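Hi,

Here is the structure I promised to pass on.

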Amino acid sequence: MSQPPSPALPGELKPVTIHPDRWRAALPPDAWPEAFPETGEVWRRDVFAVAGAWRDGEATPRQLLSAVLMWGYGPIGYGPWRTARSLEGDPDGKRLAHALDGLRAPAPDEDALRTAYQRLRDPKESRLPRLGPAFFTKLLYFAGYRRDAGGLQPLILDSVVRRRLPVEAGVRRESGWVPEEWLAYLGWAADQAHRRGIEPDEVEMALFHDRWS
């Protein structure tokens with residue numbers, strides 16, 4: 001008997017574990033993504049499915065943010081509380097929609113990525129409470145990544161990935177998380193992926209799991 005295909009993306013080692021009941025209790029009903037798994041295990045494909053629904057107009061920006069942060073925080077106890085605070089900062093989803101607008105395109109370019117990053121970083125634009133670069137780059141990754149497209153792709157840049165990046169990636173340890181360094185990292189990852197015949201997010205996953213060499 002053949003085995004069912006793995007839900008894991010190339011480079012993904014395991015799903016993230018969440019406590020669905022805690023998240024259900026913490027999040028507003030309108031922010032819960034439809035058809036999101038409630039088994040307690042979330043794969044990247046599950047979040048990408050919500051991102052695809054958002055691009056098709058079938059999921060809201062708030063639902064996308066919830067899916068991303070459930071995956072991002074996983075079983076961490078304060079995750080539901082922090083996510084609820086972020087959602088409270090954008091009750092109608094307009095700030096998120098403004099930030100992510102350029103990522104609906106079939107192939108977001110560098111200007112679109114820079115603009116989205118800057119908007120989520122700027123309190124006068126789309127910055128939300130409790131949503132710093134380590135988590136809003138997760139949102140940018142799921143909203144803007146185009147698999148099999150090659151080239152510059154949005155990727156997660158959290159403190160774990162950051163400290164494992166080589167100097168040539170162009171990211172300093174103390175830089176204020178400026179957009180130009182994020183873009184430099186994306187360019188470096190795109191080049192590494194091209195050289196090795198893999199997806200750019202496989203580079204990020206390898207860094208996160210300390211398997212990059």
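In helix 2, the buried residues are Arg 44, Val 47, Phe 48, Val 50, Ala 51, Gly 52, Ala 53 and Trp 54. Do keep in mind that this is a predicted model. What covers those buried residues of helix 2? The cover includes strand 2 (41-42), helix 3 (61-73), helix 5 (94-100), helix 7 and helix 10.

Helix 2 itself runs over residues 44-55, which makes 12 residues. From first C-alpha to last it reaches 17 Å, close to the 16 Å expected at 1.5 Å a residue. Just after helix 2 comes Gly 57, with a positive phi of about 80 degrees.

Now for the packing against helix 3. The axes of helix 2 and helix 3 are 9 Å apart, and the angle is about 170 degrees. Over 145 degrees counts as roughly antiparallel, so that is how helix 2 and helix 3 lie relative to each other. On the helix 2 side, the contact is made by Arg 44, Val 47, Val 50, Ala 51 and Trp 54. Helix 3 brings Pro 61, Gln 63, Leu 64, Ala 67, Val 68 and Trp 71. By class, the contact of helix 2 with helix 3 has 9 nonpolar residues, 1 polar and 1 charged.

There is another helix pair to look at. Helix 9 (residues 179-196) and helix 10 (residues 200-208) pack at about 105 degrees, their axes 8 Å apart. Since 65 to 115 degrees counts as roughly perpendicular, that is the label for helix 9 and helix 10. Here Tyr 185, Trp 188, Ala 189, Gln 192 and Ala 193 of helix 9 meet Pro 200, Val 203, Glu 204 and Leu 207 of helix 10. That contact of helix 9 with helix 10 splits into 7 nonpolar, 1 polar and 1 charged.

Finally, Asp 158. Where does Asp 158 sit? You will find Asp 158 in the loop between helix 7 (133-144) and helix 8 (159-164). Its relative accessible area is 10%; buried means under 20%, so Asp 158 counts as buried. The side chain of Asp 158 reaches two backbone nitrogens: that of Val 161 at 2.9 Å, and that of Val 160, which lies 3.2 Å from a polar atom of the side chain. Leaving out residues up to four places away in sequence, Asp 158 touches Ala 134, Lys 138, Trp 177 and Phe 208.

Over to you!

Technical notes
Residues numbered from 1 in each chain as written. Predicted model: local features only at pLDDT ≥ 70, side-chain atom pairs only at ≥ 80, totals over all residues. Heavy atoms only, no water. Axes fitted to C-alpha atoms, helices over the stretch in contact; angles between N-to-C directions. Helix = DSSP H or I, 4+ residues; strand = E, 2+ residues; numbered from the N terminus. Parallel < 35°, antiparallel > 145°, perpendicular 65-115°, else oblique. Contact = heavy atoms within 4.5 Å. Nonpolar A, V, L, I, M, F, W, Y, C, P; charged D, E, K, R; others polar. Buried < 20%, exposed > 50% of the residue type's maximum accessible area, 1.4 Å probe, protein only. Polar contact = N/O pair within 3.5 Å; in protein donor to acceptor, adjacent residues only side chain to side chain. Expected span 1.5 Å × (residues − 1).
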